[in-house]
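Welcome to a short tour of a computed model.

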Amino acid sequence: MTTVLLITFAATLIYLSIANRMMTYINILAFQGIILFGVSFIELNEISTLNLVFILFETIIFKTIAVPIFLRYVIARNRISREAEPYLPYFLSLVIVTSIIIATFLISNTIDDPRLNKVYFVVALSSLFTGLYFIMSRKKLITHVIGFLVIENGVFILSLAVGNEMPMLVNTGILLDLFVSVLLLGIFVNRIGDVLQGVDVDQLQNLKD
Amino acid sequence: MIAIYLLGSLLISALLFINRNKRVNYLLVGAFALLQWVLTIYEFIHRDESETYGYFKSDALALLMLTTLSIITIPAFYHSYIYFNKPEEHHRERGIYFMSIVILLAAVSGAYLSNHIAVTWVFVELTTLAASGLVYHHRDADALEGTWKYIFVCSISITFVFIGILFLSIALQQAGHADLSYPAMIEQAASLEPFWLRLAFIFIFTGFTAKLGLVPMYTAGIDAKDKAPSPAGALFSSVLMNMGFVGIFRFYEVIAKTSLHAWANQVIFIAAVLSVFVATVYMLKVQNIKRMLAYSSIEHMGLVMLGVAAGGIGYYAAILHLILHAFTKASMFFQIGQVYRIYKSKHISDTGNYFKYNLAGALALLLAFICATAMPPSGLFISEFMIFRSLFEGHHLFLFIVVLLLLTMIIWALGKSIFRLLFLPPVNFDETRAGKVSAGESVSQFILLGLVIYLGFNPPLQMVELIQDAVKNLPH
């Protein structure tokens, strides 16, 4: 079951590469949140209330509800156009993201380790590199935030694959970090929209040597 | 104690945020400075003891860095006080500024003392948030751009560190362990799978370079130091960079026990030499004096990492260099704050004849220049000499020559700008509008620079012993 969910997750990455509307991106993020909840719910060895509440909070409330609503608000407030305006054509993006997935697949096959679940590993790494590619290839600041969130989703899957119990302090720290970074980045998109009358990367070129 | 310290800092920062009164503000800041020193002394008394469920430990490296931080804290607060000593009242901006500084210093102290790689991670993340409050201080378009880039690059880097930690825990699990605290990892290092360790090192190293100021992630730090007020810039280029070093160094101690040691050294060599190279290229070109100093920090961090990678005497030299560089660069940033008040500009072409407008400050700047370029009697001369000796002894002759050539160019570039600022007459500068700076404001810089000279030539026995203790886990 987790395999199916994870493959669906990889499919959303491919969809992300060819989608051209901001709202589609946000819906994909919300959908990824639901998938992550499914995966982590199945993976839970012992359902203690604390763990369940924590995962529920992180995936459903945070990734599926709060962040998409917040991003919609930012887009509406700054009148960001619906097009994603990539630097590269969508077809090329599709090819690149597909090759990222194939490459991570090939890399994971070289690892000879029975304890590692390779599907997790492949999906996590492809999500990480897709996010990085997304940041590099899109023009809008808000798409950079979305790329960052895709990377964070990849990290989430990787941490499930590891399965090592992190101290609660660290878990809370991660959640807090994500929450605050998204909030801060969103606020700054708003500020940049106010001050510079636009939210494209081209406007951030004053500071250079 | 560390728990009390962190809670106390949190409380003080919350009070600073809601407070509007100037006097209460300074009282709170004073209380924090006191707390910082109490922590430092407490940790010295309870050396090598674990605290708070074993998440923190006051080992030698932590003590050295903590003391450096506590020393720089006092002049940083003093210069922040001068910075806000304007006729018009900005209670809100002042509150946010001091709140951010208190959180930043507390998080940096926590990261120094932490004994668990994930705890270090949490505190490093916290410093990004606190620092962004300082970078955004001026609230104009440039500050906005600097803050955006800083938060973004640091967030990506910190994610990299986390991925590295995950790979590391895969390696640990395979060996049948789960403990991510540093002493446990050093003990079990030999039994870890090199493949996962290699991945972990690449990610953790890349991530921490954002804080340390090394290729590839150095860019964010440059904008941050330029845009933040100079007392904050002083903290960024001293204690915050030291924190990046601590993060890398503690994991390097683990790697050094494995078969990957030589490989890791090569990675560090590449990053370090590239950093010195990048610093040289930009220093020859930059016109903004604060950015110039920021690039000079990149160069010094490159040298520090060269010392670490070369090994031998290089380990000792690296830590000594780090401490002395912190004092030097902090005093330079404090001094640039005064330069800015006189000329209302950070551009070298707008400044000149500094001796005429601020004699004490000009002397401090001259001394700082001598210290930063590691000319005798600067203590950095000693540490740089030792770093080059370690390169020589490690048979890295080619690197040795390349880095020396680059350093020569850096001395020329920095000298050109600083001497222009000190001696040449300024162009288009209206003397009647020159700001007033009293000589007393340079006292703290002289003390810090005096410390750089003194600690280099006559290091106290306790410091030598601490540094040797800090590098005891590394092969000799």
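## The nonpolar core

The largest nonpolar core holds 243 residues, and the ones with the most contacts inside it are A:I142, B:V102, B:V108, B:M305 and B:I319. Here a nonpolar core is a set of buried Ala, Val, Leu, Ile, Met, Phe, Trp, Tyr and Cys residues joined through C-beta atoms within 7 Å. A residue is buried if 20 or more other C-beta atoms lie within 10 Å of its own, exposed if 12 or fewer, and partly exposed in between, with C-beta atoms placed from the backbone. Helix α6 (residues 141-174) of chain B brings the largest share of this core, 20 residues. Because domain 1 (1-258) and domain 2 (260-476) of chain B both give residues to the core, it lies between them.

A word on conventions: this is a predicted model, in which local features need pLDDT of at least 70 and side-chain atom pairs count only at pLDDT 80 or more, while totals for chains, interfaces and linings use all residues. Residues are numbered from 1 along each chain as its sequence is written, and chains are lettered from A and ligands numbered from 1 in the order in which they are written.

B:V102, one of the core residues named above, touches B:S9, B:I12, B:S13, B:L16 and B:F32, leaving aside residues up to four places away in sequence. Contact here means that the C-beta atoms of two residues, placed from the backbone, lie within 7 Å.

## Where the parts meet

The bounds of the two domains of chain B come from an automatic or database domain assignment. Their C-alpha centres lie 21 Å apart, and 42 residues of domain 1 are in contact with 43 residues of domain 2. On the domain 1 side, α3 (60-83), α8 (194-212), α9 (219-227) and α10 (230-255) of chain B each give two or more residues, with the largest share, 13 residues, coming from α10(B). Helices are DSSP runs (H or I, at least four residues), numbered from the N terminus, and strands are runs of E of at least two.

Between the chains, 30 residues of chain A are in contact with 32 residues of chain B. On the chain A side, α6 (141-162) and α7 (168-196) of chain A each supply at least two residues, and α7(A) gives the most, with 13 residues.

The table sets out the classes on these two sides.

## Two close-ups in chain B

B:L197 lies in helix α8 of chain B and is buried, with 25 other C-beta atoms within 10 Å. B:L197 touches B:A171, B:L192, B:I255, B:T258 and B:L260, not counting residues up to four places away in sequence.

Helix α16(B) is mostly covered, with eleven of its 15 residues buried. Those buried residues pack against α12 (289-310), α13 (313-343), α15 (359-372), α17 (397-423) and α18 (443-457) of chain B. After α16(B) comes B:H395, whose phi is positive, near 60 degrees.

## Chain A overall

Chain A has seven helices and zero strands. Buried residues make up 43% of its 209 residues.
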